[in-house]
Amino acid sequence: MSEETSKSQGVLYVGIDLGTSRTSVAASNGIRATLPSFVGYPKDVIARKLLQKDVLYGDEAVAKRLSLNLYRPLEHGVLKCGEEGGDLDTDGNTRAARDLLLEAVRLAQPRKDELVYAVIGAPAQANINSKNAILKVAKESVDSAMLCSEPFAVAYGQDMLEDVLVIDIGAGTVDLCRMHGTMPEESDQLTMTTAGDHVDKELTRRISEAYPEAQFTVQMIKQIKERHSTVAERPSPIKVSLPVNGKPTEFDVTEQVTGACRSIVPPIVEGLGKLIGSFDPEFQQRLKDRVLLAGGGSQIKALDTAIELEMHRLLGSGKVLLIEEPMYGGANGALKIAHDMPAEFWEKLK
Ligand SMILES: Nc1ncnc2c1ncn2[C@@H]1O[C@H](COP(=O)(O)OP(=O)(O)OP(=O)(O)O)[C@@H](O)[C@H]1O
Ligand SMILES: [Mg+2]
């Protein structure tokens, strides 16, 4: 601890994973925090008076959404910015992104006298414009910032930078990235939409087909998924209560939940196959043996085993490592990069 303190005296290092659905932060003071990536502003004077706040974040913003102008400022980890002539509220989204970052830094509880140095994970395929947009916004909340590619951060956090395949299952996208000791390039990546939101849609479809009388919202379906998600061969029965004409009724949704969760396995393994098949044949086996599974969606029970089985079927073999703290994989890795970065790399923003 003492060595650590002397090295970083006066500086709080933070790793930030700016996700479409969640923003997570890990800091050198040991704090870890996460919040849904929502920012809301009271719609009018009445709402302002009722809420007693100018800005609301995360779960609270979602709960009070009827009184708020609600923003989810990121899209696939990239700042939502309208194309020219588009009707997207660019100013609003930029302000929301700035406030979201400010809140993330606040959650890391820097002392008043501490400088904040942040490494922010952005999707590997983010283009230079969106990277600059994020950096510009970051300027207002931290003293120095740098961006890193998200899968790179995950792999760095595990000390696995060579011949690794990273699978990051988020809400909107699954990002596959091949690492071979350098920064990943365009050809090392694949992005697919068979992620968490896709599972929610599948589960909705399956439950409404099996039980047309059941009443529910997407939010309820998402909660059911997050509570019971599994791709186990023989899962214990999953029973949930859903209203029928206002009366709570019990439904067995075991088949629906496992079916919806399983639907993401084949496309992921197909994607892995593409990244493996186009790699140096000598190292293909090594890649197959080093697959890292991260992101909120990786918390589906037995998903690592299911992916391994499908890899065996399609690719002959495969070994999948589930990272610890999957929700913090990006933030923890970004924090580690921050720690290891020599001082001259930290560009002063202020
Ligand atoms: N226990 C769980 N089982 C299955 N899915 C889960 C579980 N917990 C969270 N999720 C899902 O994980 C997804 C969010 O993951 P994550 O926080 O990594 O996304 P993100 O990084 O914000 O999104 P993106 O990568 O698309 O920008 C959501 O779809 C959520 O429903
Ligand atoms: Mg993510």
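Which side chains does a polar contact of 2.9 Å join? Read on to view 1. This is a predicted model, where local features need pLDDT of at least 70, side-chain atom pairs count only at pLDDT 80 or more, and totals for chains, interfaces and linings use all residues. Residues are numbered from 1 along each chain as its sequence is written, and side-chain values use heavy atoms, leaving out hydrogens and water.

**View 1. T23 and its partner S37.** The side chains of T23 and S37 are joined at 2.9 Å by a polar contact (a pair of N or O atoms within 3.5 Å, one able to donate a hydrogen and the other to accept it). T23 sits in strand β2, residues 22–27 (strands are DSSP E runs of at least two residues, helices H or I runs of at least four). T23 is buried, with a relative accessible area of 1% (buried means under 20%, with a 1.4 Å probe and protein chains only).

**View 2. The largest nonpolar core.** Here are 41 residues, a set of buried Ala, Val, Leu, Ile, Met, Phe, Trp, Tyr and Cys joined through side-chain atoms within 4.5 Å. Helix α10 (residues 265–277) gives the most to this core, six residues.

**View 3. Cysteine C177.** C177 is in no disulfide, and the nearest cysteine sulfur, that of C148, is 11 Å away; a disulfide would need two cysteine sulfur atoms within 2.5 Å. C177 is buried too, at 1% relative accessibility.

Conventions:
Chains are lettered from A and ligands numbered from 1 in the order in which they are written. Buried means under 20% relative accessible area, exposed over 50%, partly exposed in between (1.4 Å probe, protein chains only).
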